[in-house]
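Good morning, and thank you for the time on today's agenda. Please look at the sequence and the structure as they come up, and I shall then go through them part by part.

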Amino acid sequence: MAEVERYDFVVIGGGSGGISAASAAANAGTKVALFDYVDPTPHGITWGLGGTCVNVGCIPKKLFHSASLMGEVHKDMPSFGWQVDTTQKINWNELVEKTQNHIKSVNFAYRVSLRSAKVNYINAKARFEDAHTIAYEDRKGQVHKIHAENVLISVGGRPNIPKEIPGIEHAVTSDDIFSWEKEPGKTLVVGASYIALECAGFLTGFGYDTTVLVRSVPLRMFDHQMAKKIVDYMEHVGTKFVHGGVIEKIEKVDDKLNVTINFPDGRPSHTETFETVLMAIGRYAVTQDIHLEKAGVAVAANGKVLSTRRTNRLCPTFMPWATAPKASPN
């Protein structure tokens, strides 16, 4: 049997937090490995190093939002003396292409930064064998194991997809929309927290007929007075809101989606046709496949690590480092 390679510090997760921790530890002189792997969305979409923020979160969201704001300014320009064609519309495919090109440049920059810091980047899904043994499979299906003195769990999260809804496979999430080749057209955004409202906002700005389906209250964890102001403004600029409803089913007819919305308060069900349904009803922690129980790590029902003092005593592999981990004598 081949000798198990030993590392001072192993990071599971290649997002902003994982990359920063791995680079800092390596620059302090420790031997570091970083695992990063992205399961494809139900529509087969995947991405490179950098995690949610770089690939399907903050960066593409801000680029799309900026494009939306430019469109709104363009419409206002005649009021300031500019002679412009206000009938122009967004070129969706060009926006997606340019956004993805920028993201790929950031993916590459992260790869270069890890190489410069001498971090061993492993594009594979890691799993615990015990508190200090990490196993993974290479592209040929061969299993490898490494020893880790310390492990940082930094796996992030993915969007919830309620599989009990008939036809849910026709819906997309924020993991899809920024590389979606088909122009969204008339869109139903399901959910009312910040990801849902951000997506609804730029879709409205692009000129698409956009409706937000709110089950309970918008921006539940935020100040309610400010949340109301945001909804009022979004309605003022054209975003529609349907309150108190939940999706009962989605039926695909040709290239359209017939969505039936049920109202628990007794209102009759409503069916409307959309071109895109975007689910944004929350996220879950991606911890279900890394066998945290074998490392003694306790998790909540939603998959999040319980980072209490009790948990940290049980699992020496999960520690909030204030400084880089000390290098082992080996």
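Let me begin with a definition: a residue is called buried when its relative accessible area is under 20%, exposed when that area is over 50%, and partly exposed in between. Please also keep in mind that this is a predicted model.

With those cut-offs, consider Pro78. If we leave aside neighbours within four places in sequence, Pro78 is in contact with Val84 and Thr86. For a sense of distance, take Pro78 together with Val190: the two are 112 residues apart in sequence, and their C-alpha atoms are 35 Å apart in space.

Now the overall picture. The protein has 330 residues, and buried residues make up 42% of them. It contains 8 helices and 15 strands. The C-alpha trace spans about 70 × 50 × 40 Å along its principal axes. How much of the contact in this protein links residues 24 or more positions apart? Among contacts with a separation of 6 or more, such pairs account for 63%.

From α3, the residues involved are Lys61, Phe64, His65, Ser68, Glu72 and Lys75, and they meet Glu198, Gly201, Phe202 and Gly205 in α6. The classes in this contact are 2 nonpolar, 4 polar and 4 charged residues.

Let us now look for empty space inside the model. Rolling a probe the size of a water molecule over the atoms shows where such space is left. How many cavities of 30 Å³ or more does a search of the whole structure find? The search finds 1. The largest cavity holds about 40 Å³ of space. Its lining is formed by Ile45, Thr46, Trp47, Asn55, Val56, Gln100 and Ser179. By class, that lining has 3 nonpolar, 4 polar and no charged residues.

Some of these names return when we examine Asp175, a residue of helix α5, residues 174-177. Asp175 has a relative accessible area of 3%, so it is buried. Setting aside residues up to four places away in sequence, Asp175 touches Thr41, Ile45, Trp47, Val56, Arg158, Pro159 and Arg283. Of these, Ile45, Trp47 and Val56 are also among the residues lining the largest cavity. Asp175 and Asn107 are 68 residues apart along the chain, with a separation of 16 Å between their C-alpha atoms.

Thr211 is counted as buried because its relative accessibility is 4%. Beyond its neighbours within four places in sequence, Thr211 has contacts with Thr187, Leu188, Val189, Lys240, Val242 and Phe274.

Finally, a word on the backbone. Most residues other than glycine have a negative phi. Lys118, however, has a positive phi of about 65°. Lys118 lies in the loop between α4 and β3, and it counts as exposed because its relative accessible area is 71%. Leu219 also has a positive phi, near 45°. Leu219 is in the loop between β9 and α7. Is Leu219 buried or exposed? Its relative accessibility is 6%, so Leu219 counts as buried.

Thank you for your attention; I would be glad to take comments.

Conventions. Residues numbered from 1 in each chain as written. Predicted model: local features only at pLDDT ≥ 70, side-chain atom pairs only at ≥ 80, totals over all residues. Heavy atoms only, no water. Buried < 20%, exposed > 50% of the residue type's maximum accessible area, 1.4 Å probe, protein only. Contact = heavy atoms within 4.5 Å. 1 Å grid on protein atoms, 1.4 Å probe; cavity = no way out; pocket = protein on both sides within 12 Å on 5 of 7 lines; lining within 4 Å. Points joined across faces, edges and corners; volume = space filled by probe spheres on them. Nonpolar A, V, L, I, M, F, W, Y, C, P; charged D, E, K, R; others polar. Helix = DSSP H or I, 4+ residues; strand = E, 2+ residues; numbered from the N terminus.
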